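Thank you for coming, everyone.

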Amino acid sequence: MGIQSLADMRSDVRFIAGGYDSTILSDAVVDRWLRWAQLHVSRPNVYEHRELFTSGTIPLVTSDRDYAFTVFGTTTDNVQAVALVTNETRGERLRPISLRQLEERARTGSGTLQTGRPSHYALVGATFYTYPAPSATHNADTVRVWFWRKPTALAASPASELAEEWDEVSYAIAPATDAT
């Protein structure tokens, strides 16, 4: 966990940016720069922060192919990347698929919803989809979604959920951005 407070990080950013005080470089601008920097360094393609890696489970229901992502205590707005989706009951991995592909496969020639052993998933907006929809045999199977979440917004203290070495990285790259 970071050790600098938001006020400390603001001071460091102002120093790096040329020593401007808050009348020239407002707290709102500095906070926006710091938030952008924190979000950038927390992306799993930059560094896989273990403290942001989490999972949630979904109990499958017969013929129900869509589930609210909020069952994980988060929303898709807070998800950086999905790493792995497994059917824990069956010990099988589900493969990602686009919503378009899911829609093309989901309906049979007669227009009825296909059911069976879910083998694919799509995450669109706040909805998690399975393909095919679970059959009665797979009712109550548990699907686990492993994902990286975004860090909580910077606050007065502590400033960051990321390890303390990322405090310096965040405030060092903050003035380099023109994030809006």
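Let me begin with a definition: a residue counts as buried under 20% relative accessible area, as exposed over 50%, and as partly exposed in between, with a 1.4 Å probe and protein chains only. What we have here is a predicted model, in which local features need pLDDT of at least 70 and side-chain atom pairs count only at pLDDT 80 or more, while totals for chains, interfaces and linings use all residues. Residues are numbered from 1 along each chain as its sequence is written, and side-chain values use heavy atoms, with hydrogens and water left out.

By that definition, tyrosine 47 counts as partly exposed because its relative accessibility is 43%, whereas tryptophan 166, at 16%, counts as buried.

These two residues bring us to the aromatic rings. Rings of Phe, Tyr and Trp (for Trp, its six-membered ring) pair if their centres lie within 6.5 Å, and planes under 30 degrees apart count as stacked, over 60 as edge-to-face and the rest as tilted. Searching the whole structure gives four aromatic pairs. One of them joins tyrosine 47 and tryptophan 166, a tilted pair with 5.2 Å centre to centre and 40 degrees between the planes. Tyrosine 47 lies in the loop between α2 and β1 (53–59) and tryptophan 166 in helix α4, so the pair ties together parts that are 119 residues apart in sequence. Tyrosine 121 and phenylalanine 128 form a stacked pair, at 5.7 Å centre to centre and 10 degrees between the planes, and both of these residues are buried. Ring pairs also link Phe53, Trp146 and Trp148 into a cluster.

Now to the helices, which are DSSP runs (H or I, at least four residues) numbered from the N terminus, as are strands (E, at least two). Axes are lines fitted to C-alpha atoms, for helices over the stretch in contact, and angles run from 0 to 180 degrees between N-to-C directions. The axes of α2 (residues 27–41) and α4 (residues 165–173) come within 8 Å and cross at roughly 125 degrees. That makes α2 oblique to α4, since angles under 35 degrees count as roughly parallel, over 145 as roughly antiparallel, 65 to 115 as roughly perpendicular and the rest as oblique.

Finally, the axes of α1 (residues 6–16) and α2 come within 10 Å and cross at roughly 95 degrees, which means that α1 is roughly perpendicular to α2.
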